[in-house]
Every structure is written in C-alpha cells, then in structure tokens.
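Visitor: I'd like to learn how to read helix packing and ring pairs in a protein model. Can you walk me through one?

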Protein chains: 2
Amino acid sequence: MGSMETSRRNLLKAGTAAAAAVAAAPLTAQAAVSAENTKFDATYDVVVVGSGFAGMACAYKAAKAGLSVLMIEKMGVFGGNSAICGGNMACPVNPVQKAQGIKDSRELFIKDCLKDGLGINHTELLNVLVDRCNDTVKFVQDCGAEFVPNKMLFEGGHSVPRSYEIKAGSGSGYIVPMYETLSKLKNVKMQSRTKFDDFVMNKDGRVVGVVCREGYRFNRNLASDDVENKTGKRKVYGARRAVMLAAGGFSRDIWFRQVQDPRVVPSTDSTNQPGATAGVLLKALEIGATPLQISWLQFLPYCNPHEDGFGVTVNFTNHACMDLGMVVNKKTGKRFMDEHAGRKIKSDAELEVIGTDKNYPIAICDDAIVHAINPSFVKAPLAAKTVFVAQTLPELADHFGIKKDAFLEEVKRFNGFVKDGEDKDFHRILKFNNGLNISKPPFYGVEVAPKIHHTMGGLLINTKAQVISSKTHQPIPGLYAGGEITGGVHGASRLGTVAVLDALTFGMVAGENIAK
Amino acid sequence: MGSMETSRRNLLKAGTAAAAAVAAAPLTAQAAVSAENTKFDATYDVVVVGSGFAGMACAYKAAKAGLSVLMIEKMGVFGGNSAICGGNMACPVNPVQKAQGIKDSRELFIKDCLKDGLGINHTELLNVLVDRCNDTVKFVQDCGAEFVPNKMLFEGGHSVPRSYEIKAGSGSGYIVPMYETLSKLKNVKMQSRTKFDDFVMNKDGRVVGVVCREGYRFNRNLASDDVENKTGKRKVYGARRAVMLAAGGFSRDIWFRQVQDPRVVPSTDSTNQPGATAGVLLKALEIGATPLQISWLQFLPYCNPHEDGFGVTVNFTNHACMDLGMVVNKKTGKRFMDEHAGRKIKSDAELEVIGTDKNYPIAICDDAIVHAINPSFVKAPLAAKTVFVAQTLPELADHFGIKKDAFLEEVKRFNGFVKDGEDKDFHRILKFNNGLNISKPPFYGVEVAPKIHHTMGGLLINTKAQVISSKTHQPIPGLYAGGEITGGVHGASRLGTVAVLDALTFGMVAGENIAK
C-alpha cells in the first residue's frame with residue numbers, strides 16, 4: 001500500500017507519464033454518436049459488451065429467445081476475469097443445504113452481505129439474487145457447468161455453508177461450456193479484439209448501437225490503454241433491442257483506481273487480467289448513467305506475494321488454510337484475525353500485520369484438510385512451490401521464521417477452541433472445523449498477502465438490470481448492465497462466491513428482460 | 001438511519017414517487033451544447049456557477065485581475081451553505097499559533113486529515129491548503145471578514161489549536177462582506193434564481209459557456225427539483241476564459257444521496273440549505289469530468305434532534321460541550337467516545353448509542369466554559385430552549401433521565417483525567433481543558449444527534465483547480481472547480497474548519513489561474 005510519500009510521488013509520476021505519452025484526445029460536446037446520419041455496418045437485436053459471466057449469461061438467454069446477438073470482447077481471449085476467478089457460487093437456500101440439514105434464509109444471507117458491505121448494499125438487488133439463485137444454478141448446469149455433487153462450501157463471511165463448488169476449480173468451469181454452447185448457436189456472433197468506444201443514441205434518447213474497433217490489440221505496456229491505444233478499425237453496429245454492458249471492473253486501471261484510493265500505487269498487484277479497466281464505465285457516465293459507490297476497492301486476502309496476479313495458490317490458501325486451518329503472525333506465532341471473516345475484515349487485518357517490512361502472515365493446514373478439499377487446489381501450488389510441506393510443526397515454524405514456542409502453544413489453543421466450539425480470541429464460527437491434527441504429518445504452510453480483486457461500485461441498475469439515468473431517475477432506454485461494472489449489490493465489500501452469483505444472475509435477468 | 005426494511009421501502013417509494021411525477025425528460029446523444037450555431041445572450045470572461053465560498057473567492061480574484069465575471073446562483077439568496085455553516089477556518093502553521101507557542105506543521109495537519117479521512121485523501125491537494133492558508137486568511141480579511149483576535153480554536157480531530165474563529169459566529173462572516181465587496185465591482189454581475197443547465201463546448205473540446213434559466217424558482221416540495229422543475233427562461237452565456245463550478249455538495253439530494261448510501265432515507269435530516277443537490281456535479285460527469293469518492297457522506301455530530309436542519313445549537317454543542325465539556329449516554333451515565341475526535345468517529349459512536357429508540361446522548365458544560373466561548377454561541381440556543389440550564393448536576397441528570405449515580409461518578413472521573421492530563425478511557429487530548437467545576441453552577445445540557453452535513457466526494461481537480469477529464473487524464477480546457485463539488489481533499493471524512501479553508505483556497509486558486 002506504500003506510505004503517504006510513496007503514494008503521492010507515484011500519483012504525480014503516473015500523471016506525468018500520461019501527460020508525456022498522450023496526444024491530447026479531443027473532448028467534444030457529444031456524449032454519444034447520434035443515430036441520425038449514422039450508417040451501421042451491421043445490426044443485431046442485442047450487442048453485448050464483454051464476455052465474462054454477465055455477458056455470456058445475457059447472450060445465452062437472449063439467443064435462446066430467438067434474438068440475434070453480437071458479443072464483443074476487447075482482449076484476445078473470451079471470458080475476462082470470470083475465466084480465472086475462483087468460480088464457486090453462493091446460492092442462499094438451496095436443495096443441497098436442505099438435504100444436509102443446513103438452515104439458511106433470505107434474511108441471513110442479506111445480513112451476512114450487509115456486515116462485510118458496511119450496511120450500504122442495495123438490498124433490492126440482493127433480493128433478486130435470493131429469488132433467482134436456484135434458477136441461475138439450473139441455467140449454468142444446462143449450459144454444461146458441473147458442481148461437486150452434494151457439497152456446500154463454507155465461505156468466509158457466510159454464516160452457513162451455502163456455496164456450490166465448481167468442479168473445474170475456477171470460473172473456467174462456466175466460461176468454457178458457456179462459450180461452447182454459444183458457439184453452436186447460429187444467432188450468436190462472438191468477436192474478440194473488438195473494443196467498445198461509444199454508444200449510438202437516437203433522437204428519443206434510446207441507445208441503439210455501439211461504435212467499436214475491430215482488430216484491436218490491447219497493450220499492457222501503456223500507462224493507460226484506454227486513453228492511448230488507437231489500434232483497430234472503426235465499426236458501427238446497431239442494436240434493435242438493447243446494448244448490454246458486461247465489461248467488468250477496473251482493478252487493473254492504474255490511473256482510475258488510484259484516483260479513487262491514493263494508497264493504491266501503480267505497482268500494487270491485482271488478481272485481475274490486464275484488461276480490467278474503467279473505459280466502458282466512464283463512457284456510460286457520459287450518457288447520464290448513475291455512478292455509485294465507485295471508491296470501494298476490494299482486496300482478496302488469500303493471495304501469494306511471490307506469484308504475479310491471481311496465481312495458482314489462492315484456492316489452496318482460502319479453502320484449506322482459511323476455511324479449515326489457521327493463520328498466524330510470524331513475529332508473534334499467534335493468530336490475529338477470524339480466518340473465516342469477510343474479505344474486508346481479513347485484508348485490513350493482514351495489511352496491518354504485513355506493515356512496511358513485508359511480514360507476510362503464514363496460513364497453515366494439515367494433511368486431513370488437504371484430503372478434504374478439491375484435489376486441484378493443492379496440485380498447482382505444490383508444483384509452483386509456493387506451498388511448503390513440513391513433517392513437523394517445529395520444522396514449519398523454522399522454515400518460515402515463526403516464533404516457535406508461541407506458535408506451538410497457539411496450535412494447542414486453537415485446537416481447544418475447536419473442541420469447545422468457541423473461539424475465545426476472534427469469535428470465529430468453528431462448528432465445521434476439526435482443528436490441526438498434531439500427530440499426523442505432513443503440514444502445509446504458505447505466505448499470504450492481499451491483492452486488489454474487485455471494484456465494488458459502478459453503474460446503478462434496477463432489479464431488471466436496466467441502467468438508471470441520473471437525469472431522469474428512470475432506465476436509459478435500450479441499456480442494460482450486469483456484473484462488476486454495476487454497483488450496489490455488494491456495498492463496501494463483497495463476500496466470496498457472491499460475485500459469481502451476481503454476474504450470472506443479472507446477466508440472465510438482463511437477457512430475459514431484453515427478450516420480453 | 002433506519003432499519004434495512006425501512007431503507008428499502010423508502011428507496012422504492014422514492015423511486016415510485018419520481019416515476020409518477022416526472023414527465024420523461026429526453027435523453028440525448030449530446031453531453032453539452034455545441035458552440036457552433038449557438039448565439040450567446042452575453043459573453044463574460046468567467047462564468048461562476050454557485051455563490052458560496054469557492055464561487056465568491058474565484059469571482060473576486062478574477063475580477064480584481066480585470067476580468068468580467070458573471071456569477072449565477074439558483075436559489076433566491078446568495079451564499080449557499082457557506083452562509084449558514086459554522087464558519088471557522090483551519091490554518092495550519094500561522095502567526096497566532098507562533099505567538100502562542102503552539103507547534104504545528106504541514107506533516108501534523110496532513111496526518112490529522114488522513115486519520116479521519118481513512119487514508120484516502122489526495123495529499124497533493126492538502127499540500128495546496130498548507131501552502132496557501134495564510135494567503136487565504138489575508139484575502140478574506142481584505143474583503144472585510146473579521147476573526148476573533150489572537151484566538152485559535154482547538155477543533156475535533158486536530159492535534160493542536162489551529163483554527164481561526166469567525167467573529168460573526170457563522171459563514172455569513174465571510175459571505176456578507178465578500179458579497180458587498182463584489183457588489184461594488186463594476187465588472188462583476190451576480191444573478192440569483194439562475195439555474196445552470198448545461199455546458200457549451202467548442203470543436204476543440206473547450207468549455208466556452210453555459211446554458212441556464214433565469215427567473216428559476218427552486219421548489220422544495222418536488223421529489224427532485226433537478227429533474228422536475230422546469231421554471232425559468234433559457235439563456236446562453238459565453239465564457240471567454242473559464243467556467244468555474246462552485247455549486248456545492250448534495251446533502252439535500254434525496255435521490256442521489258440514497259443511491260450512494262441506502263441507509264440514508266428521505267426523512268434523514270441534513271444541516272444543509274435545501275438547494276444542495278447533485279445536478280451540476282452529474283452534468284459535469286457527462287462531459288467526462290472524473291468522479292471520485294462520491295459515496296462518502298459525512299454526518300455532523302453536534303446537531304440537535306429537536307430543530308430542523310443546521311439549527312442554532314451546533315456551535316454551542318461543539319465548542320462548549322465537545323471541545324471543553326463532556327458527552328454521556330443517558331442509559332449508562334458514562335462517556336462513550338473521545339469528544340475531541342474527528343466527525344466520523346464521533347458520528348459513528350453517537351449513532352450506535354442512539355440506536356433505534358432515540359437514546360440521544362447528552363452534551364454537558366459548566367458556566368466557566370460558557371464564559372470562555374463566543375457569546376453568540378449560547379444566546380440563540382437559550383432563546384430556542386434547546387439547551388437546559390440546571391443549578392446542580394443531579395437536577396441536570398433528572399431533567400434528561402441520565403442514570404444519576406453513575407453520571408456523578410463519571411464527572412469526577414473525567415475531572416481526574418483532566419487533572420492527570422490523561423484520558424484513560426478514550427485517549428482524548430485534554431491539555432487545553434479545565435474539566436467541569438462541580439461547585440460553580442449553573443450547568444448546561446443539550447441532546448445530540450448527527451445529521452448529514454457534507455458530501456466528501458465529487459469531481460477530480462488538480463492543484464490548479466482545473467477539472468480533470470477521465471478521457472484524457474488532462475484538464476478539461478476552460479473548466480475549473482472548487483469547494484464541496486470537488487473530492488479528494490478530505491478523503492472519507494473531513495475535519496471541522498477544513499472545508500472553509502478548502503473552498504476559499506481553491507476558489508482563490510481557480511481565480512488566480514483563470515486570470516493568468
């Protein structure tokens with residue numbers, strides 16, 4: 001996160017770099033291109049901007065209803081962050097919970113979300129997630145996504161196990177089959193390296209198309225690809241029914257994320273793919289879309305500081321060590337947080353421990369835990385050597401430089417908490433835990449650091465996924481949005497597995513409403 | 001703040017009311033009016049939108065440099081919230097501090113701001129305040145503003161006394177003399193009941209004028225005056241050099257503030273004048289101005305729940321009871337916060353005590369304190385009967401229903417802390433306090449509740465007060481902003497007396513730069 005001095009220097013530096021690199025792009029009185037005198041290169045019923053969960057879900061629902069769909073993706077591959085995310089999906093009140101006797105409710109889910117979200121979530125949108133989550137599960141299964149059968153994950157910040165585990169071990173478990181399904185539909189066209197630039201609006205203020213560039217090559221070496229990259233050939237596509245914005249968040253937008261939170265410097269790592277920038281969001285503001293809660297950046301508290309981006313260790317750290325094991329401060333040998341809390345609470349606690357001297361916390365689990373998790377979760381980090389395997393706990397402590405005696409005491413104390421069902425230090429829910437079995441080696445340890453993962457705010461939508469105008473307080477005709485480009489669902493901070501549900505559900509809802 | 005249920009209901013209700021009342025305003029592809037084919041009714045060097053501190057400071061500096069200025073104000077009176085605010089002004093490192101041996105520094109001021117601002121303040125803007133604060137003091141004194149001589153207020157959240165006290169007891173102490181000064185300048189025209197509607201931009205993307213309506217009548221009975229009010233006659237004014245946005249915050253924008261924070265319901269009271277809406281801010285986003293940190297709403301923790309809006313009791317509660325006295329929870333008779341902390345910390349603590357049963361905290365001071373403060377601070381609340389005067393502390397406890405024995409013990413404990421110079425409960429800085437003199441009646445008590453006071457976020461500006469485009473990361477040519485319509489200076493929450501400095505300084509800076 002850097003000191004104040006570092007932040008300021010870097011912000012100024014970023015500003016200067018941009019100033020040097022950018023040939024002043026012309027600002028104009030136009031918020032969008034006027035439909036009058038505009039010739040469309042082709043016209044579809046729906047144009048979808050972005051190809052992650054929300055975009056694919058919308059495209060599928062619209063296409064299944066018989067509409068023609070063009071999906072544009074600026075990167076060379078489809079799927080956006082959705083393809084590389086953890087991929088598990090919350091589903092409050094579902095049949096697996098019922099079969100296992102897990103009591104869940106609408107109210108409990110919303111209460112959990114509001115806790116990490118600091119109370120500013122838009123509950124009318126959370127209600128849509130509860131109402132539709134089982135439809136969303138069925139819908140993705142119909143597309144070919146597979147969940148681990150009869151399993152409910154107990155994710156951080158959730159009061160009960162309520163998340164389906166995707167068999168593939170990442171969001172590709174939805175993206176790959178959805179892409180294949182869409183590829184087979186004759187009324188769906190998917191174009192990569194196609195960058196959205198502008199809206200086309202008619203006289204009545206309806207969004208009726210998009211201006212984009214084909215053959216666009218994203219350039220991660222630019223200070224701002226959105227501002228500086230001029231590659232590709234201009235095309236204008238009409239959208240008879242709607243334009244759907246599913247362009248994701250801006251965790252990799254070096255300039256815009258630092259404007260919102262100056263503690264984030266250009267070198268701050270993110271779990272996101274490099275194309276996660278704010279361009280489409282900002283363009284939507286120009287036609288009067290309403291911004292909300294844009295300054296809340298979420299860190300993912302399970303990352304590994306020694307690999308770039310999302311890496312391959314996140315699922316292991318999260319589901320083995322945080323869900324079922326424990327996390328300690330090397331300097332004290334002791335736990336310092338509820339390892340099952342929401343992401344904001346844990347990231348804040350970790351950043352305090354890490355401080356300025358990179359004192360990364362150590363996340364720990366035992367062999368029984370490793371056998372209880374998805375085997376894919378441990379395979380990759382072992383190959384990447386981000387996880388250390390020790391035959392004894394003292395050996396583990398020596399390897400990482402953990403204060404040994406205090407640590408061994410702390411493991412006993414933690415096991416005592418598990419036995420009593422009460423965490424006297426951090427009030428963690430322990431009823432689904434077995435503690436660490438000291439007599440059964442091996443033991444696993446991994447260093448932990450938060451990285452920017454999700455931008456909570458974005459465009460205001462209503463329960464039909466329509467984008468709301470700040471000029472009229474009504475939907476902008478012809479414009480829908482879903483997923484990370486929108487705000488409100490998660491408030492100040494979201495719980496794990498809720499974004500997958502959010503993006504798929506509002507993508508589905510948008511597709512349904514466009515087809516109506 | 002209301003429960004989740006209440007919030008949701010009210011948001012939906014607000015949405016429905018708007019839907020019913022609004023004749024769909026046309027959305028268009030235009031972000032602004034094009035200068036081509038536009039006939040100006042008149043042209044000035046500078047058009048200033050808004051007439052509070054930032055607007056008047058900019059108008060004065062530009063006019064003094066020989067430029068012609070049109071200042072437009074949508075309400076019937078000039079001054080906006082600036083005219084009714086507390087009016088005291090922070091000035092880190094100033095001659096009065098030096099004469100009194102108070103050690104202050106740039107670093108200490110910025111550290112104080114970052115603490116309540118949760119670290120997300122733009123320190124490059126805070127540095128401008130430090131660099132220019134003594135110029136700002138001289139400038140307002142030249143206009144005729146008068147401070148209490150040789151006095152430094154020790155405001156909540158500030159580590160040392162560093163704020164000038166305005167003699168008039170409110171922001172009118174600047175607004176009245178500045179208005180009179182501007183009235184005498186022949187090159188300044190000030191128009192009330194003139195509502196900004198749009199920007200005029202030329203082909204090069206420069207802001208060259210404004211569209212407004214004269215004879216506009218703000219209507220506080222509308223769900224959204226910005227959306228629904230169609231009064232006034234259209235006029236278009238050219239601006240050769242610049243348009244200055246000084247239109248303030250949106251604490252009274254029922255719809256937009258609830259979008260940002262759904263806990264805030266239409267009935268949530270605010271200290272602001274009714275015209276504090278988001279219209280100009282939102283219009284600026286359409287021409288690509290960069291939004292930042294818009295979701296942070298600040299509550300003022302010194303308000304009285306029994307008077308509407310800002311009321312007449314704020315200065316008494318703040319400067320008598322919180323700066324020098326103490327605040328207790330009726331139910332426990334005990335203190336529950338550092339009464340000298342920043343606004344966010346205190347508002348959060350008070351909201352927790354108030355809960356759902358309106359258990360308003362009681363702020364208390366003694367007669368010595370009342371004689372130490374500006375006499376105007378106690379006169380109005382005594383007349384309004386918001387303050388209760390008791391001859392003994394038990395009488396005060398009985399009147400408000402404070403748990404008596406615990407309270408009397410707590411007063412002794414507080415006096416002990418003052419004597420020892422150490423607050424063992426809340427780490428309040430007590431070196432400028434004398435405690436409560438139990439043997440010298442009378443005693444004063446007043447109920448306390450937070451009200452929405454300031455919207456922290458807004459448009460991104462640079463250190464020259466130029467509005468930064470999200471499309472180019474460069475200034476939007478011809479566009480400046482200052483005061484509450486901008487964001488970044490205060491981060492998540494501002495300290496008292498810093499907004500007066502902020503608005504006056506960046507108004508002054510804008511005027512200077514426009515005149516260059």
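Visitor: How do the axes of helix H2 and helix H16 of chain B cross, and within what distance do they come?

Guide: Keep in mind that this is a predicted model. In general, you describe two packed helices by the angle between their axes and the distance between those axes. Here, the axes of helix H2 (residues 53–64) and helix H16 (residues 498–515) of chain B come within 7 Å and cross at roughly 30°. Angles under 35 degrees count as roughly parallel, so that's what H2(B) and H16(B) are to each other. Their crossing is right-handed.

Visitor: Which residues of H2(B) and H16(B) meet?

Guide: From H2(B), they include Phe53(B), Ala57(B) and Lys61(B), while Leu504(B), Met508(B) and Glu512(B) are among those in H16(B). Sorted by class, the contact has eleven nonpolar, two polar and two charged residues.

Visitor: Now the rings. How many aromatic pairs are there over all chains?

Guide: A search of the whole structure turns up 24. Take Tyr44(A) and Tyr237(A): their ring centres are 6.1 Å apart and their planes sit at 70°, so you'd call the pair edge-to-face. Tyr44(A) belongs to strand E2 and Tyr237(A) to strand E9 of chain A, so the pair ties together parts 193 residues apart in sequence.

Visitor: Are those two tyrosines, Tyr44(A) and Tyr237(A), buried or exposed?

Guide: Buried means under 20% relative accessible area. Tyr44(A) has 12%, so it's buried, and Tyr237(A), at 5%, counts as buried too.

Visitor: Which residues do ring pairs link into a cluster?

Guide: Phe53(A), Phe147(A), Tyr164(A) and Tyr174(A). Of these, Phe53(A) and Tyr174(A) are buried.

Conventions: Residues are numbered from 1 along each chain as its sequence is written. Chains are lettered from A and ligands numbered from 1 in the order in which they are written. This is a predicted model: local features need pLDDT of at least 70, side-chain atom pairs count only at pLDDT 80 or more; totals for chains, interfaces and linings use all residues. Side-chain values use heavy atoms; hydrogens and water are left out. Rings of Phe, Tyr and Trp (its six-membered ring) pair if their centres lie within 6.5 Å; planes under 30 degrees apart count as stacked, over 60 as edge-to-face and the rest as tilted. Helices (H or I, at least four residues) and strands (E, at least two) are DSSP runs, numbered from the N terminus. Buried means under 20% relative accessible area, exposed over 50%, partly exposed in between (1.4 Å probe, protein chains only). Axes are lines fitted to C-alpha atoms, for helices over the stretch in contact, and angles run from 0 to 180 degrees between N-to-C directions. Angles under 35 degrees count as roughly parallel, over 145 as roughly antiparallel, 65 to 115 as roughly perpendicular and the rest as oblique. A crossing is left-handed if the near helix is turned anticlockwise from the far one by less than a right angle, and right-handed if clockwise. Contact means heavy atoms within 4.5 Å. Ala, Val, Leu, Ile, Met, Phe, Trp, Tyr, Cys and Pro count as nonpolar, Asp, Glu, Lys and Arg as charged, and the others, Gly among them, as polar.
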